[in-house]
Amino acid sequence: MLQYEEAMARALGQQRNKEARTIPEEMFSIHPKQLYAEMPELLMDCECMQKQVLQEILLCAQGSAYAREHDFRRFTSLEEWRDHAAVTTYEDYRPYIERELAGEPRQLYTGETALFIATTGSTGNIKYFLESKAGNTAKQLVMSVRGMYMSELLPVTLDMDAKNLTISNYAPVDNSADGKLVVRASGQTARNMRKKTGTMNLLPVEFWEAPGIAARDRDYMMAVYTLAEVRFSKVFCNNLIHFGRILDRIVAEGQQMIEDIRHGDFSVELLPEVREQLRRLFPANTQRADGLQELYDKKGCLITGPEDIATIWPALSMVSCWLSASVGRDAREVLRRLPAGIKCFEMGYGASECKLNIPNELASASGIAAPFACFFEFRPLDGGAPLCMWEVTDGVCYELLVTTYSGLYRYNLQDIVRIQGFTGNTPNIVFCGKSSEFVQIDGEKIYGHQFADLIRQIEKKRSCNFDLMQIYKNTEGFFMCWRAKTR
Amino acid sequence: MLESKDAVDYTALKQELDEQTERLWGIISSGIYVVKQSYKDYQFTVRTREDRGACGIKLPLVISEEPLDSEIEMRI
């Protein structure tokens with residue numbers, strides 16, 4: 001019996017109580033190398049894993065306020081679930097989440113709540129989600145498996161001397177009534193990653209946690225830290241345009257940054273105690289400053305093209321970021337500014353609610369749907385009943401519904417994903433866009449991602465790149481907002 | 001023929017777009033706004049300055065507010 005099968009058997013054989021461990025928690029205790037070695041077997045039978053994950057999530061729900069009020073006892077089989085479970089949205093959970101935030105436990109599941117996730121999503125309106133201990137571990141498990149695939153393709157990720165720049169909104173947002181942290185999903189991912197990467201990071205944790213630094217100053221400081229580190233090798237940044245903006249700051253303010261590196265200080269407004277703390281961790285580096293000054297004096301600017309980036313950071317070899325949908329368009333814009341040999345790896349598709357896929361190829365936006373992360377259902381865009389992971393068709397787009405270990409049940413993420421082949425019998429999925437982003441014209445519903453696909457075809461045919469593509473609709477019709485560049 | 005500062009033939013691009021949208025969905029765009037680089041820079045800067053996570057700083061594909069005149073380089 002393989003170790004993941006033993007882990008599943010252990011999880012499902014337990015009496016469901018406070019000490020019981022779920023499938024992701026049992027699997028997380030397997031050594032990552034062993035689990036990676038077993039992945040081909042695991043991915044040959046996503047149906048078995050998915051059915052057991054659903055069964056377990058529903059067991060974890062029993063006894064919660066939500067399960068009682070929605071009569072979860074009737075879901076005794078997958079068929080019952082498929083026939084009767086309602087598709088839900090955030091509003092269905094809001095009162096339960098508010099009660100749990102106020103200190104009333106067991107609202108959405110009976111297990112322990114590890115923390116709360118705050119998200120602004122793409123709308124800018126803040127929402128909170130509960131994160132159960134099992135749900136938090138499921139995310140860490142997906143991260144761990146992603147890390148194994150990435151290190152197999154990019155061994156530099158394991159090189160402790162190759163420094164990382166990880167860009168994320170790291171700081172906790174607040175505390176709940178019972179003292180649990182309220183964090184951002186991307187910040188929590190960065191925090192979990194940091195536990196494994198420790199000294200690889202060129203930005204000290206004290207920088208991320210320092211209070212009172214304005215966003216613009218934070219970008220400036222990230223640029224100074226990065227410029228000061230000759231061993232800078234890897235970028236981890238969901239939306240790579242943010243790294244592009246850091247390069248812009250180096251272009252515009254390179255001379256000032258060289259002076260900061262020379263003196264071990266930052267030319268931004270900082271609280272006195274923060275400045276003192278950060279200065280201790282950022283010693284003056286005359287040698288690096290002299291080297292950069294020489295480059296600056298030659299061209300009057302530190303970065304005029306990819307060759308300057310290769311000179312400043314000779315070890316820079318990989319970028320991990322989102323490559324799909326509109327963010328992928330922005331990422332490609334930044335990648336064109338970097339030296340040609342730099343390898344690119346999809347950061348992985350996920351949301352505040354759960355992490356969903358495992359990228360397994362260089363320069364590809366797709367990844368294997370993680371069958372142990374949550375229960376997946378795929379709703380056809382033209383209507384019809386949701387399909388399970390083992391029933392989907394290659395090349396087809398679906399709206400994704402998830403049932404998670406953190407108490408979301410048949411929850412509509414409002415994400416459109418495309419099936420892009422299979423690994424074993426498990427589908428590879430790529431995020432296309434939000435199902436809430438569409439225009440209705442003459443009764444026809446056209447999604448933003450369909451326009452984006454069309455524009456990509458035009459880009460290829462006409463040898464140009466659009467670095468901005470948006471659709472605006474009013475009573476006169478629809479308008480495209482563009483900005484293009486020839487290749 | 002209209003050309004932007006980037007020497008892109010937007011008229012030809014619009015024609016291509018219209019042919020494709022008509023073929024696919026039987027519709028034609030009412031116009032194209034060629035927006036200035038500063039439009040994107042501004043949109044992104046606002047998003048990164050607000051306290052947002054990774055998803056929140058991406059720009060939407062479908063917008064509900066028309067770009068301002070000062071943000072538009074050319075209308076086709």
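How many residues does the contact take from chain B, and how many from chain A? The contact takes 50 residues from chain B and 57 residues from chain A. Please keep in mind throughout this tour that the model is predicted.

**Stop 1: the two chains together**

Display chain A and chain B in separate colours. Between them, the two chains bury about 4900 Å², and 60% of that area is on carbon and sulfur atoms. Next, select Trp25(B), Lys40(B) and Leu61(B): these are the residues of chain B that lose the most area to chain A. Together they account for 17% of what the chain B side buries.

**Stop 2: charged and polar pairs**

Across the interface of chain B and chain A, five salt bridges are found. The same interface has 17 residue pairs in polar contact, with both residues at pLDDT 80 or more.

Now colour chain B by its elements. Those giving two or more residues to the side that touches chain A are α1 (10-25), β1 (31-35), α2 (37-49) and β2 (62-63) of chain B. Of these, α1(B) gives the most, with 10 residues. By class, the residues on this side of chain B comprise 25 nonpolar, 11 polar and 14 charged.

**Stop 3: strands that pair across the chains**

Select strand β18 (residues 464-474) of chain A together with β2(B). Two bridges join these strands, which run parallel. Within the pair, Ile471(A) stands opposite Val62(B).

**Stop 4: the domains of chain A**

The domain assignment gives domain 1 (3-136 + 347-434), domain 2 (155-316) and domain 3 (444-486). The C-alpha centres of domain 1 and domain 2 of chain A lie 34 Å apart.

Select Phe116(A), Ala118(A) and Met347(A), which supply 37% of the area that domain 1 buries against domain 2, more than any other three residues.

Are salt bridges present or absent here? Across this interface, zero salt bridges are found, and zero residue pairs are in polar contact with both residues at pLDDT 80 or more.

Note on methods: Residues numbered from 1 in each chain as written. Chains lettered and ligands numbered in written order. Predicted model: local features only at pLDDT ≥ 70, side-chain atom pairs only at ≥ 80, totals over all residues. Heavy atoms only, no water. Contact = heavy atoms within 4.5 Å. Buried area = accessible area lost by both parts, 1.4 Å probe. Salt bridge = Lys/Arg side-chain N within 4 Å of Asp/Glu carboxyl O. Polar contact = N/O pair within 3.5 Å; in protein donor to acceptor, adjacent residues only side chain to side chain. Helix = DSSP H or I, 4+ residues; strand = E, 2+ residues; numbered from the N terminus. Nonpolar A, V, L, I, M, F, W, Y, C, P; charged D, E, K, R; others polar. Pairing = 2+ DSSP bridges. Domains from an automatic or database assignment.
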